[in-house]
Amino acid sequence: MSDLRDLYQEVIFDHNRHPRNFGPLVGANRHADGFNPLCGDRLTLNLQVQDGVIQDVRFEGSGCAISTASASLMTEALKGKTEAEATVLFEGFHHMVMGEKTTVDLGKLAVLAGVSEFPARVKCASLAWHTLNAALKNESDPVSTE
Amino acid sequence: MFDVQALRNEFPILKREVHGRPLIYLDNAATSQKPRSVIEAECHYYEVMNANIHRGVHTLSQEATDAFEGARDKVRDFLNARQREEIIFTRGATEAINLVAHSWGRSQLKPGDEILVSEMEHHANIVPWQMLCEATGAVLKVIPIDERGALVAGAVASLINPRTRLVGITQVSNALGTVNPVAEIIRLAHQVGAVVLLDGAQAVPHMAVDVTALDCDFYVFSGHKLYGPTGIGVLYGKRSLLEKMPPYQGGGDMISQVTFRKTTYNQLPYKFEAGTPHIAGVVGLGAAIDFVLSVGLKAIAAHEDRLLTYATQQAEGFEGLKIIGTVPGKASILSFVLKGVHPHDIGTILDSEGVAIRTGHHCAMPVMDHYGVPATARASFALYNTAEEVDALFGALRRVEELFLK
């Protein structure tokens, strides 16, 4: 295993302890629920999308440090992005946590790159993003990482 | 004389390292490690006598059949069943429960009949009964548990009624370690004519089981939690019940005569063993039973109880740690949560220290709901674990604390 510190970076502890954009979102027009049956992580994502631009996004739920920090970092990254840009980020993030090369500039999300060395934890990091994908498509069934 | 170091030498895997540290394997309730004698028994079967059973007249087939049926006799002795025909080999405890739900359940139940399980059951002792209820119109009732993780006092007596047809209950809870008062439950069930299936998956590695004395109607367990191979398990059923039950699967070995007009089924136990079974697994299971009996179940239980007591003392002094399942007389399972740290994070950090525990819902989501937690961390002890390993567990938990709660 690589160093535990590659996985648990300070930024991740910070976002786990103080998740950003946490709570309900008044005026949301996109919504999805995510569930990771393996560890019991649950996540509700609400977005306000106008003219194809993500104006606001907030999440609720409970999960491990990786899944909470990933959701928190994701909400920060998404604000002001178009839906198309969000989809590009989703794909780039997915490649990164799977340990594949990506040309997408992921900014702060890159702190989660260490997850690729911990295969059992990839689902934790991906849950928020899969939920986002569903919310943008406005799928009504809860998303499961299984 | 219980010599844990000598016993450890019998388990080749305990010599390996994980992330540069000695393996400390505390996930025994998920599956136990295998002694050399079990590994060699399977290997010997393939190297010396591999053949299909019950049909060949050649030497290898005869030897393989003898080894296979010899293991059945060992299981009969191990459970103290009256007859070898009452021992059916399955893929595991899960398949054994499904067999009963499908064969006994679908032939016996009608709408309005009740099946009683407990809130602490493994999903394997919930879902097959739910499927059976969907198919037959029977109703699933649940015995609640209290804060300690014991069945609520008096609940069994109040829930059992003349509509109750089957009680399915675990002898030892995999998520909590609770040992259930199964003798009393069997007595109550039989008063109303209900049958009782005991899930013995967690019990058989820890206590001597006597199905005749218990008078249970069905008993199931898996080989792999008993230091045996994966993919093999046992259904014990009273002969009077098994005789009346239709086959579970059709195929070779379970028939006595096949024509396109009519097929007659084989006698017990073969009626329920369609197809070529996991012969090597059965042979390995026989070796596992020999191993466990040579160590002695009383000695194993005493050793595991000492470890659990020691671990519980340390857990109680660990700030922020809450034990899930606090019934006195638990069996070798320490389930817990740590304030401010998700069990999954605990599991990853412990793994980096070489300590293997289970984190998650332990296939017992209703138990997690009962305690209002998404998951727990669970350390479970086996005959080869030591007090030093318990120390290492809590040393690793200090590391979690340093990382997360500093």
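This briefing describes the chain contact, domains, cores and selected helices of a predicted model.

Residues are numbered from 1 along each chain as its sequence is written, while chains are lettered from A and ligands numbered from 1 in the order in which they are written. Because the model is predicted, local features need pLDDT of at least 70 and side-chain atom pairs count only at pLDDT 80 or more, whereas totals for chains, interfaces and linings use all residues.

**Contact between the chains**

- Chain A places 15 residues in contact with 13 residues of chain B; two residues are in contact if their C-beta atoms, placed from the backbone, lie within 7 Å.
- On the side of chain A that touches chain B, 10 residues are nonpolar, three are polar and two are charged.
- In this classification Ala, Val, Leu, Ile, Met, Phe, Trp, Tyr, Cys and Pro count as nonpolar, Asp, Glu, Lys and Arg as charged, and the others, Gly among them, as polar.

**Domains of chain B**

- Chain B is divided into domain 1 (4-30 + 296-405) and domain 2 (39-294), with bounds that come from an automatic or database domain assignment.
- The centres of domain 1 and domain 2 of chain B, taken over C-alpha atoms, are separated by 28 Å.
- Their contact takes 21 residues from domain 1 of chain B and 22 residues from domain 2 of chain B.
- On the side of domain 1 of chain B that touches domain 2 of chain B, the elements giving two or more residues are α11 (297-316), β14 (333-338) and α13 (365-371) of chain B; helices (H or I, at least four residues) and strands (E, at least two) are DSSP runs, numbered from the N terminus.
- α11(B) gives the most to that side of domain 1 of chain B, with four residues.

**Nonpolar cores**

- A nonpolar core is a set of buried Ala, Val, Leu, Ile, Met, Phe, Trp, Tyr and Cys residues joined through C-beta atoms within 7 Å.
- A residue is buried if 20 or more other C-beta atoms lie within 10 Å of its own, exposed if 12 or fewer, and partly exposed in between, with C-beta atoms placed from the backbone.
- The largest nonpolar core has 122 residues, of which B:Val196, B:Val220 and B:Val283 touch the most other members.
- Helix α10 (residues 279-295) of chain B gives the most to this core, with 10 residues.
- Domain 1 and domain 2 of chain B both give residues to this core, so it lies between them.
- A second, separate core of 39 residues includes A:Tyr8, A:Leu73, A:Leu89 and A:Trp129.

**Helix α4 of chain A**

- Helix α4 (residues 83-97) of chain A has 15 residues and reaches 21 Å from its first C-alpha to its last, close to the 21 Å expected at 1.5 Å a residue; the expected span is 1.5 Å times one less than the number of residues.
- Its buried residues are A:Ala86, A:Leu89, A:Phe90, A:Phe93, A:Met96 and A:Val97.
- These cover an arc of only 130° around the axis, which puts them on the same side of α4(A); the arc is that of the directions from the helix axis to the C-beta atoms.
- The buried residues of α4(A) pack against β3 (53-62), α3 (65-78) and α5 (122-137) of chain A.
- A:Ala84 has its place in this helix and counts as exposed, with 10 C-beta neighbours inside 10 Å.

**Helix α14 of chain B**

- In α14(B), the buried residues are B:Glu389, B:Val390, B:Leu393, B:Ala396, B:Leu397, B:Val400 and B:Phe404.
- They fall within an arc of 120° seen down the axis, so they line one face of the helix.
- On the other side of α14(B), B:Ala387, B:Glu388, B:Arg398 and B:Glu402 are exposed.
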